[in-house]
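Please look through the model shown below and follow the report with the structure at hand.

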Amino acid sequence: MSALAAPAAVRPAGPRHLAGTGTLLRLALRRDRLMISGWVLALGLVVVATGPSFAALYDTAARRAALAASMNANGSLRALYGPVLADSLGGLVAWRMVGLGAVLAALMSLLIVVRHTREEEETGRQELLLAAMVGRRAPLTAALLAALIADAGVAALTAAGLTATGRPVGGSLALGLAIGGAGLLFAALAAIAAQLTESARLARGLTGAALGAAFALRAAGDASDGAGAPGSGAAVLTWLSPVGWAQHLRAFAGERWWVLLLFAAATALAVTAAYALAARRDLGMSFLPARPGPARAARSLGGPGGLAWRLQRASLAGWAAGFALAGAVFGGIAKGAAGMVGGNQRTREIFERLGGQQSLTDAFLATIIGLLGMVAALHAVGAVLRLRAEETGGRAEPVLAGAVGRLRWAAGHLVLALVGTAAVLAAGGLTLGVTYGASVGDVAGGTGRVLAAALAQVPAAWTLAAVATAVLGVLPAATGAVWALTGGCLALGWLGPVLRLPRWALDLSPYAHLPKLPGGAVTAAPFLWLTALTAVLLCVGLVGLRRRDIG
């Protein structure tokens, strides 16, 4: 079969092409009811809870104004969070949550769309559906509608919750629409990726790379010296990023409602492109097909470990490259963190909550390393859940039908998940250390300290990978909820210290138990406990996998 269908297939989609959309939508919502509910509630409630937290921390207009001034004067913090556009409580909520909320909504949306498009084709289920009274465009339409419902839920919960806590209605609605609009745009981009790639893993990776690029453009634009007044829009790079668009909507700061037209136009173009691409290819094919392999397989493919490496090497290389780029960008601005803070106590407190009580430069580096560590958990979990994709896709049974046991088959992917996560963090820590060391004239010393700090994040990422393994082995139908759990840990680590959440809440994340490095005090206990917990969870998952039915 050719990847391109006959030209006659390229026709406007009518009712016949959309037949069964409602049924597929109900099926998608039923299958993802736990994942979507978890994402929507977690993201919406975190945004809403930020307002009361800021009200307790900055209870006077003078304190809020001082915080806004210190944030806007610090290019390093602008790169992390963006500028403070208004010193009201609503303005602080928007400053703290619009970027992170947009990224998390985009991550939720791309997972939904890829699961119900390319993953369904990859497993062969969509071919069975299309053999019945289901239109050719119905699966893609149902996936986009499921993402739309999830993003609308986030937007509605955010707007209603902020309004109920006393924030202005206009700003609350603008913040909700900014987060939901970013999520919907990346749902459309994921739909394009699902047409271009041959596997769900590649589709998620391609859309994730676009999301990472959008965040990097926003960060680089906000950190640039030529940005003009904070939030003025003079930084061109922020206008090239959908995450920057969410910021430029200016919730609680004189809303620019016309920015919503950018989201609408970009989403409409992306959806149109996705439908056009879907109409020009055969089911199961892609526009970026796999290259034909050699006539004889390499010796490494004689075992499950070599097969796992072959399946995951491209993803691992992409993650390592992305972390290396992020490390290089943030390492270049770390030197100025302490100088820009000066004697501002409010800014110093925020650095210390995020990065520890050490020097301001070390606290900034610890903050960036902590962020990299939390994002690395996404790679670890994805590498583990590749086992589930192989299982549901029917590719595990032929492997296990030979002289390969279940534990040996799983071990290949688990070793890559654990070792690969360490390699990804090492790539980010290395470039972060080299660029920071070069800026202060001590490449060897800076690289060693920062690289060691990055590798110290590995046990926490391993723990989340082990959680995914346990769920895979004991309750495989709930593997989708692992992504919500991972996103919750990321939100706790990124927001919890600044919002002064209770200690018990912070301790729900494994990252809360690690020392703030570089510069913080180091003890062996947290590393040993997390490693032991990882080992126990891995054993639970492997025992469950060995005993349950495959598929």
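## A salt bridge between Arg-281 and Glu-121

In this predicted model, the side chains of Arg-281 and Glu-121 meet in a salt bridge, with a distance of 2.5 Å from N to O. Because Arg-281 lies in the loop between α13 (259-279) and α14 (304-334), while Glu-121 belongs to helix α6 (residues 118-123), the pair ties together parts that are 160 residues apart in sequence. Side chains of opposite charge can pair when their charged atoms come close.

## Other salt bridges

How many salt bridges does the count come to? The count comes to 10 salt bridges, and one of them joins the side chains of Glu-391 and Arg-548, with 2.7 Å between N and O. This pair links distant parts of the chain, since Glu-391 is in helix α17 (residues 360-392) and Arg-548 is in the segment after α24 (525-547), 157 residues apart. Glu-391 and Arg-548 are both buried. Salt bridges that share partners also join Arg-118, Glu-121 and Arg-281 into one network.

Another salt bridge is formed by Glu-390 and Arg-395, whose closest N and O atoms are 3.1 Å apart. Here Glu-390 counts as buried at 6% relative accessibility, whereas Arg-395, with a relative accessible area of 28%, is partly exposed.

## The chain as a whole

The chain has 24 helices and zero strands, and buried residues make up 53% of its 551 residues. Among the contacts between residues at least 6 apart in sequence, 78% join residues that are at least 24 apart.

At 0% relative accessibility Ala-274 counts as buried, and, when residues up to four places away in sequence are not counted, Ala-274 touches Leu-140, Ala-191, Ile-192 and Gln-195. The C-alpha atoms of Ala-274 and Ala-193 are separated by 8.2 Å, although these residues are 81 residues apart along the chain.

## Helices α2 and α8

How do the axes of helix α2 and helix α8 cross, and within what distance do they come? The axes of α2 (residues 33-57) and α8 (residues 138-164) come within 9 Å and cross at roughly 30°. An angle under 35 degrees counts as roughly parallel, so α2 is roughly parallel to α8. The crossing in which α2 passes α8 is right-handed.

On the side of α2, the residues that make the contact include Ile-36, Val-40, Leu-41 and Gly-44, and on the side of α8 they include Ala-150, Gly-153, Val-154 and Leu-157. Taken together, the residues of the contact of α2 with α8 divide into 11 nonpolar, four polar and no charged.

## Helices α19 and α20

The axes of helix α19 (residues 406-440) and helix α20 (residues 443-455) come within 7 Å and cross at roughly 150°. Angles over 145 degrees count as roughly antiparallel, and α19 and α20 are therefore roughly antiparallel to each other. α19 passes α20 in a right-handed crossing.

Among the residues that meet in this contact are Ala-422, Leu-425, Ala-426 and Gly-429 in α19, together with Val-443, Gly-446, Thr-447 and Val-450 in α20. The residues of the contact of α19 with α20 divide into 13 nonpolar, five polar and no charged.

## Backbone details in the loops

Most residues other than glycine have a negative phi, and most peptide bonds are trans. Against this background, Arg-250 has a positive phi of about 60° although it is not a glycine, and Phe-252, also a residue other than glycine, has a positive phi near 65°. Arg-250 has its place in the loop between α12 (242-248) and α13, and Phe-252 is found in the loop between α12 and α13. Arg-250 is buried, with a relative accessible area of 17%, and Phe-252 counts as buried at 11% relative accessibility.

Is the peptide bond from Leu-517 to Pro-518 cis or trans? This bond is cis, with omega near 5°, and Pro-518 lies in the loop between α23 (503-506) and α24.

Key: Residues are numbered from 1 along each chain as its sequence is written. This is a predicted model: local features need pLDDT of at least 70, side-chain atom pairs count only at pLDDT 80 or more; totals for chains, interfaces and linings use all residues. Side-chain values use heavy atoms; hydrogens and water are left out. Axes are lines fitted to C-alpha atoms, for helices over the stretch in contact, and angles run from 0 to 180 degrees between N-to-C directions. Helices (H or I, at least four residues) and strands (E, at least two) are DSSP runs, numbered from the N terminus. Angles under 35 degrees count as roughly parallel, over 145 as roughly antiparallel, 65 to 115 as roughly perpendicular and the rest as oblique. A crossing is left-handed if the near helix is turned anticlockwise from the far one by less than a right angle, and right-handed if clockwise. Contact means heavy atoms within 4.5 Å. Ala, Val, Leu, Ile, Met, Phe, Trp, Tyr, Cys and Pro count as nonpolar, Asp, Glu, Lys and Arg as charged, and the others, Gly among them, as polar. A salt bridge is a side-chain nitrogen of Lys or Arg within 4 Å of a carboxyl oxygen of Asp or Glu. Buried means under 20% relative accessible area, exposed over 50%, partly exposed in between (1.4 Å probe, protein chains only).
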